[in-house]
Amino acid sequence: MHVEILIGGFGGQGIIRTGLILATAASIYAGKNAIQNQSYGPESRGGRCKSEVIISDKEIDYPKVEHPDILIILSQEAYNAYIDKLKEGGILLVDPDMVPNQKTDLKAKIYKIPATRMAEKLGKRIVANVIMIGAFTAITGLLDVESVKESIKRNVPEGTEELNLTAFEKGFEYGKTLC
């Protein structure tokens, strides 16, 4: 097993934290090998950013995602920049409210998760990324629920654990309906 994941969006959406949560869940709590790296523009909020995660049961010898098996997208700009990198037959998790213009000829499994709208119903738009993590967990089966929950508790700001775990559950339940 060797899975390359690219998470794209804009600064302020928790894109980097999403990658950290997934990599921590895999490496610390699930006993797999994982790496995470990131890049973002000079703007701290609003500019395009990405987080790359590789999860493997073998040693990882190259730390960059070149052709992601899974693409998680939370902005139109990130979609435009990264959609052509997705492997044929890969998985796309996309927030349709944030990415209104999508290709219709993709050779991929496409899952539309209205994560931002769901987060707004929870009262905090900032947890859209954790809703997407929940959907990712349900759809891919790559990581077990408890590993991801432990990683969330470890990687979110103190005092927000309950909100983030609720967001994860909402995303997980939504993701299960898509499978």
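Is Ala115 buried or exposed? Ala115 is buried, with a relative accessible area of 0%. This is a predicted model. The protein has six helices and six strands. Of its 179 residues, 50% count as buried. A search of the whole structure turns up nine salt bridges.

**Overall build**

- Read along the sequence, the elements follow the pattern β-α-β-β-β-α-β-β-α-α-α-α.
- The radius of gyration is 15 Å. A compact globule with 179 residues would have a value near 16 Å, so the protein agrees with that expectation.
- Along the principal axes, the C-alpha trace spans about 40 × 40 × 40 Å.
- Take the contacts between residues at least 6 apart in sequence. Of these, 58% join residues at least 24 apart.

**Surface and charge**

- The accessible surface of the protein comes to about 8600 Å². Carbon and sulfur atoms account for 47% of that surface.
- The protein carries 22 positive and 23 negative charges.

**Salt bridges around Glu52**

- Side chains of opposite charge can pair when their charged atoms come close.
- Glu52 and Lys50 form a salt bridge through their side chains, at 3.2 Å from N to O.
- Glu52 is buried, with a relative accessible area of 1%. Lys50 also counts as buried, at 15% relative accessibility.
- Glu52 has another salt-bridge partner, Lys64, at 3.5 Å from N to O.
- Where do Glu52 and Lys64 lie? Glu52 is in strand 3 (residues 48-56), and Lys64 is in the loop between strand 3 and strand 4 (70-73). The pair therefore ties together parts that are 12 residues apart in sequence.
- Lys64 is partly exposed, with a relative accessible area of 34%.

**A salt bridge between two helices**

- The side chains of Lys149 and Glu169 meet in a salt bridge, at 2.6 Å from N to O.
- Lys149 lies in helix 5 (residues 145-155) and Glu169 in helix 6 (residues 161-178), so this pair links parts that are 20 residues apart in sequence.
- Lys149 counts as buried, at 19% relative accessibility. Why does it count as buried? The value is under 20%, and buried means under 20% relative accessible area.
- Glu169 counts as partly exposed, at 29% relative accessibility.
- Back at Glu52, salt bridges that share partners join Lys50, Glu52 and Lys64 into one network.

**Helix 5 and its cover**

- Which residues of helix 5 are buried? They are Ser147, Val148, Lys149, Ser151, Ile152 and Asn155.
- The cover over these buried residues includes helix 1 (15-29), helix 4 (128-140) and helix 6.

**Ile133 in helix 4**

- Ile133 lies in helix 4. Ile133 is buried, with a relative accessible area of 2%.
- What does Ile133 touch, not counting residues up to four places away in sequence? Its contacts are Thr18, Ile21, Leu22, Val148 and Phe168.
- One of those contacts, Val148, is also one of the buried residues of helix 5.
- Ile133 and Arg117 are 16 residues apart along the chain. Their C-alpha atoms are separated by 15 Å.

**Ala115 in helix 3**

- Ala115 is placed in helix 3 (residues 115-122).
- Leaving aside neighbours within four places in sequence, Ala115 is in contact with Asp95, Ala128, Ile131 and Met132.
- Ala115 and Asp144 are 29 residues apart along the chain. Their C-alpha atoms are separated by 20 Å.

**Gln76 in helix 2**

- Gln76 is found in helix 2 (residues 76-82).
- Gln76 is buried, with a relative accessible area of 17%.
- Which residues is Gln76 in contact with, leaving aside its neighbours within four places in sequence? They are Met98, Val99, Pro100 and Asn101.

Definitions and conventions. Residues numbered from 1 in each chain as written. Predicted model: local features only at pLDDT ≥ 70, side-chain atom pairs only at ≥ 80, totals over all residues. Heavy atoms only, no water. Salt bridge = Lys/Arg side-chain N within 4 Å of Asp/Glu carboxyl O. Buried < 20%, exposed > 50% of the residue type's maximum accessible area, 1.4 Å probe, protein only. Helix = DSSP H or I, 4+ residues; strand = E, 2+ residues; numbered from the N terminus. Contact = heavy atoms within 4.5 Å. Rg over C-alpha atoms; globule rule 2.2 N^0.38 Å. Areas by Shrake-Rupley, 256 points an atom, 1.4 Å probe, with all protein chains shown as cover. Lys, Arg positive; Asp, Glu negative; His and termini not counted. Charge placed at Lys NZ, Arg CZ, Asp CG, Glu CD.
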